[in-house]
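Please read them with the structure open beside you.

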Amino acid sequence: MSFELHSPISGTLRHLNTLADPVFAEEIMGPGFAVSPGDERHLKVCAPTDGILTHLLPHACAITRADGQQILVHLGIDTVKLGGEGFTSMRSLGDEVSAGDPLIAWDTQPAREVGYPLDVIVVVLRPPTTYLENIPADSSPITTLMPGARVHRASEEG
């Protein structure tokens, strides 16, 4: 089984191993990619795939696809410490979403003021049966909904 993951914002693609947070850099939660937004202050972070919004925090959300695969979208590093400041949910828990639907509006200024990295991180949860390919080169420009990676998952039948 395989499917495409799309970029949730426009910016510069980053491989997870370049991130400062070891949980993401070492792919502890799973494989994925990140997108750095550059100088944009106001972002609309979009769904990278179709599914149901099954987890929603001010700074992160998870989408569960029809095939059961969960995708985490995490806005910034250490942004949980902002207590929700700068984040506005555009959806509700349980909503059905399609790739490209806006999920969270993010005013990055509070995170910038304290020096938090602004990478928007997309992670495929439930390793180790999952791997990614066709990830663009690190530091490649990427636009919203441009393919960020093709996800392959081992079949349940083995």
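1. Two strands are counted as paired if DSSP finds at least two bridges between them, and the strands themselves (E, at least two residues), like helices (H or I, at least four residues), are DSSP runs numbered from the N terminus. On that basis strand S5, residues 51–57, is joined to strand S9, residues 96–97, by 2 bridges, and the two run antiparallel. Within this pairing Ile52 stands opposite Glu96 in S9.

2. A word on the basis of these notes: this is a predicted model, in which local features need pLDDT of at least 70 and side-chain atom pairs count only at pLDDT 80 or more, while totals for chains, interfaces and linings use all residues. Residues are numbered from 1 along each chain as its sequence is written, and side-chain values use heavy atoms, with hydrogens and water left out.

3. Strand S5 also pairs with strand S6, residues 60–64, through 5 bridges, again in the antiparallel sense. His55 stands opposite Ala62 in S6, and S5 and S6 form a hairpin with 2 residues between them.

4. Turning to the open sheet, 3 strands form it in the order S4-S10-S8, with antiparallel pairing. Strand S4 (42–46) and strand S8 (87–89) stand at the edges, and because each has a single partner strand, one side of each is left without a neighbour in the sheet. Neighbouring strands here are turned by 20 degrees against each other on average, direction ignored; for such angles the axes are lines fitted to C-alpha atoms, for helices over the stretch in contact, and the angles run from 0 to 180 degrees between N-to-C directions.

5. Within that sheet, S8 is joined to strand S10, residues 102–107, by 3 bridges, and these two strands run antiparallel. Phe87 is placed opposite Trp106 in S10. As background, strands of a sheet pair through backbone hydrogen bonds, either parallel or antiparallel.

6. How many salt bridges does a search of the whole structure find? The search finds 6, a salt bridge being a side-chain nitrogen of Lys or Arg within 4 Å of a carboxyl oxygen of Asp or Glu. One of them joins Arg41 to Asp107, with the closest N and O atoms 2.7 Å apart. This pair links distant parts of the chain, since Arg41 is in the loop between strand S3 (32–36) and S4 and Asp107 is in strand S10, 66 residues apart. Arg41 counts as partly exposed at 39% relative accessibility, whereas Asp107, at 18%, counts as buried; buried means under 20% relative accessible area, exposed over 50%, and partly exposed in between, with a 1.4 Å probe and protein chains only.

7. Two further salt bridges deserve a look. Arg91 forms one with Asp101, the closest N and O atoms being 4.0 Å apart. Arg91 lies in the loop between S8 and S9 and Asp101 in the loop between S9 and S10, so the pair ties together parts that are 10 residues apart in sequence. Both residues are partly exposed, Arg91 with a relative accessible area of 26% and Asp101 with 23%. Arg65 forms a salt bridge with Asp67, and here the closest N and O atoms are 3.2 Å apart. Arg65 counts as buried at 18% relative accessibility, while Asp67 is partly exposed at 29%.

8. The structure holds 0 disulfides, a disulfide being a pair of cysteine sulfur atoms within 2.5 Å.

9. Most residues other than glycine have a negative phi, and most peptide bonds are trans. Phi of Asp78, however, is near 70 degrees, a positive value; Asp78 is placed in the loop between strand S7 (70–75) and S8, and is partly exposed, with a relative accessible area of 34%. Phi of Leu145 is near 75 degrees, likewise a positive value in a residue other than glycine. Leu145 is found in the loop between strand S13 (141–142) and strand S14 (147–153), and at 35% relative accessibility counts as partly exposed.
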